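Subject: Structure handover

Hi,

Here is the structure I promised to pass on. My notes follow below it.

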Amino acid sequence: MPDTVDTIVAKPVATDDQLTYLQVSELVPWDGNVRSKRDAHDVEAMASSIKSVGLLNPLLVKRIDDKWNVVAGVTRLMALEFLGWDRIPCVVLPDSMDDRSLCAISIAENTARTAMSLGDTVRGLLKVFASGVSDLGEAAVILGQPLDNA
């Protein structure tokens, strides 16, 4: 049975033995990615989050035409490049996945999230301060939202 988006996405986050570590220089954004623009602020916020708590989700990649194409995680890739990472943990998607399934993953990656409400953000900030952090800039970095330099 060929792999479909349902059989891939329904799997739990990869364990370390399921990850492949690839060089940044080997990775390219997949041409079929549904997100065509990335805001520098989004990349900076992602980099801040990764610097603060680490990379929470590996990139999803597929080998196409002798290149490792990033199907999900291009913003993470850009943030990791910004941070100077050499090798990045990736989950390799099966060769049997067709463009339709890859597109479904790309759409899910870019739409299946909800921004935190103001109340949740404030509660998170209060928890950070309660943990002993007293600097607003440090708290913002922990929340993955660096302060604007305005």
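How many bridges join strand S3 to S5, and do the two run parallel or antiparallel? Three bridges join them, and the strands run parallel. S3 covers residues 59-64. One of the pairs is Leu59 with its bridge partner Cys90 in S5.

S5 (residues 87-92) also pairs with S1, this time in the antiparallel sense, over four bridges. There, Tyr21 has Pro89 as its bridge partner.

First, a word on confidence. This is a predicted model. The mean pLDDT of the protein chain is 80, and 79% of its residues reach 70 or more. Residues 1-13 have pLDDT below 50; beyond near neighbours in sequence, this stretch has 20 contacts in the model.

Now the packing. The largest nonpolar core has 17 residues. Those touching the most other members are Leu27, Leu59, Val61, Val70, Leu77, Ile88 and Cys90. H2, S3, S4 (67-72), H3 (74-83) and S5 each supply at least two residues of this core. H3 gives the most, with four residues. Take Leu77: leaving aside neighbours within four places in sequence, Leu77 is in contact with Val24, Leu27, Leu59, Val70 and Ile88.

Next, the helices. H2 (residues 40-53) has 14 residues, so at 1.5 Å a residue H2 should span 20 Å; its end C-alpha atoms are 20 Å apart, which agrees. Asp39 caps the N-terminal end of H2, with a side-chain oxygen 2.6 Å from the backbone nitrogen of His41. Just after H2, Gly54 takes a positive phi of about 95°. The buried residues of H2 are Val43, Ala45, Ala47, Ser48 and Ile50.

H5 (residues 118-130) passes the length check too: its 13 residues should span 18 Å at 1.5 Å a residue, and its end C-alpha atoms are 18 Å apart. Just after H5, Gly132 has a positive phi of about 115°.

Last, a loop residue. Gln18 is found between helix H1 (5-9) and strand S1 (20-23). Is Gln18 buried, exposed or partly exposed? Gln18 counts as partly exposed because its relative accessibility is 47%, which falls between the 20% and 50% cut-offs. Gln18 and Val92 are 74 residues apart in sequence, yet 8.5 Å apart in space, C-alpha to C-alpha.

Best wishes

How values were computed:
Residues are numbered from 1 along each chain as its sequence is written. Side-chain values use heavy atoms; hydrogens and water are left out. The expected span of a helix is 1.5 Å times one less than its number of residues. Buried means under 20% relative accessible area, exposed over 50%, partly exposed in between (1.4 Å probe, protein chains only). A polar contact is a pair of N or O atoms within 3.5 Å; within protein, one must be able to donate a hydrogen and the other to accept it, and residues adjacent in sequence count only if both atoms are side-chain atoms. Two strands pair if DSSP finds at least two bridges between them. pLDDT is the predictor's confidence in each residue, from 0 to 100. Contact means heavy atoms within 4.5 Å. A nonpolar core is a set of buried Ala, Val, Leu, Ile, Met, Phe, Trp, Tyr and Cys residues joined through side-chain atoms within 4.5 Å.
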